[in-house]
Amino acid sequence: MSSMKRWLPHPDVSAVLLIVWLLLNHTVSIGHLLLGAVLGVLIPKFTKRFFPEPVYIKRGAVLIRFAATVAWDILVASIAVARLTLDPRSRPAPGFARVSVSLADDFALTALAGTVSLTPGTVSARLSPDRKHLLIHVLDLDDESALIQDIKQRYEAPIKEIFQC
Amino acid sequence: MFEFISAILILLGASFALIGSIGLVRFPDIYTRLHGPTKVTTLGLGGLLLGSMIYMFLQGEGVAVRELLIIGFLFLTAPVSAHLVAKAALHRRCRSVCGLPDRDADS
């Protein structure tokens, strides 16, 4: 293992950490540059075990379109949940649903689970150990197969395309 | 004009945050309760921060990248914590109004 690899197992993560640190502190003074650099080296080093294999975005255009879809869905989802919350007559019928997933990459799976949690009435609850099924909790479940179809088409397909996995 | 937009965003954001918290109280079990804070409150905070960004910009403080970063962090962390709470609840077989999924079905 080269010393470069030992000290900077994920150079891109380190760079992002440094930039985020500078942005958060709103300065580029020497002190913060140094501190940011130290954090950029230490944090990836100590969290190395949690990092999946590095993945790269292969389809930037799809990512942007996907982000727009998700942002819109978050808005719609929040309004829907807000309505269920405020309407005293609403009797949502919650339930669990299992979605089969076929993403080969840990990072892509994380992205999918996170997206599911942020969008229409669903929270991802458990990933099966073989990484083939995602158990989700649905706030108002009326058509399970339609919902599963929706998740696969709207979120899984673009994520698959973005990371090419 | 922009001050108006900023005010609307802050008001809307605050209402969403409030509704999210009402959801936390009103829904019957831990799984349904997760829905309010993960979605509605996150969006509400996003609105508040956007409003604050516009306001700061009007005050001549420049573009507040900090707020954008906070929004980014919020949207990254909210689903992760919700997932962990749900997973822990399932693991402990917490009561659910809809019947729990089979424990062995996928574990």
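Student: What should be kept in mind about numbering and about the predicted model?

Tutor: Residues are numbered from 1 along each chain as its sequence is written, while chains are lettered from A in the order in which they are written. Because this is a predicted model, local features need pLDDT of at least 70 and side-chain atom pairs count only at pLDDT 80 or more, whereas totals for chains, interfaces and linings use all residues.

Student: How many helices and strands does chain B have, and what makes a run of residues count as one?

Tutor: Helices are DSSP runs of H or I with at least four residues, strands are runs of E with at least two, and both are numbered from the N terminus. On that basis chain B has four helices and zero strands, in the order α-α-α-α from the N terminus on.

Student: Why is chain B called more spread out than a compact globule?

Tutor: The radius of gyration is taken over C-alpha atoms, and the globule rule is 2.2 Å times the number of residues to the power 0.38. For the 107 residues of chain B the rule gives 13 Å, and the radius of gyration is 18 Å, well over that value, so chain B is more spread out than a compact globule. Along its principal axes, the C-alpha trace of chain B spans about 60 × 25 × 15 Å.

Student: Why is Arg98(A) called partly exposed?

Tutor: A residue is buried if 20 or more other C-beta atoms lie within 10 Å of its own, exposed if 12 or fewer, and partly exposed in between, with C-beta atoms placed from the backbone. Arg98(A), which is found in strand 1 (residues 95–100) of chain A, has 18 other C-beta atoms within 10 Å and is therefore partly exposed.

Student: How do you know that Ile5(B) is in that class as well?

Tutor: Ile5(B), placed in helix 1 of chain B, has 14 C-beta neighbours inside 10 Å and so counts as partly exposed.

Student: What makes the span of helix 3 of chain A close to the expected one?

Tutor: The expected span of a helix is 1.5 Å times one less than its number of residues. Helix 3 (residues 30–46) of chain A has 17 residues and reaches 24 Å from its first C-alpha to its last, close to the 24 Å expected.

Student: How do you know that the buried residues of helix 3 of chain A are on the same side?

Tutor: The buried residues in helix 3 of chain A are Gly36(A), Gly40(A) and Pro44(A). They cover an arc of only 45° around the axis, which puts them on the same side of helix 3 of chain A; the arc is that of the directions from the helix axis to the C-beta atoms. On the other side of this helix, Ile30(A), Gly31(A), Leu34(A), Leu42(A) and Phe46(A) are exposed.

Student: What makes two residues count as in contact, and how many residues of chain B touch chain A?

Tutor: Two residues are in contact if their C-beta atoms, placed from the backbone, lie within 7 Å. By that criterion 30 residues of chain B are in contact with 31 residues of chain A. Helix 4 of chain B gives the most to the side of chain B that touches chain A, with 11 residues.

Student: Which elements cover the buried residues of helix 4 of chain B?

Tutor: The buried residues of helix 4 of chain B include Ala78(B), Pro79(B) and His83(B). Their cover includes helix 5 (106–118), strand 2 (122–127) and strand 3 (133–138) of chain A, together with helix 2 and helix 3 of chain B.
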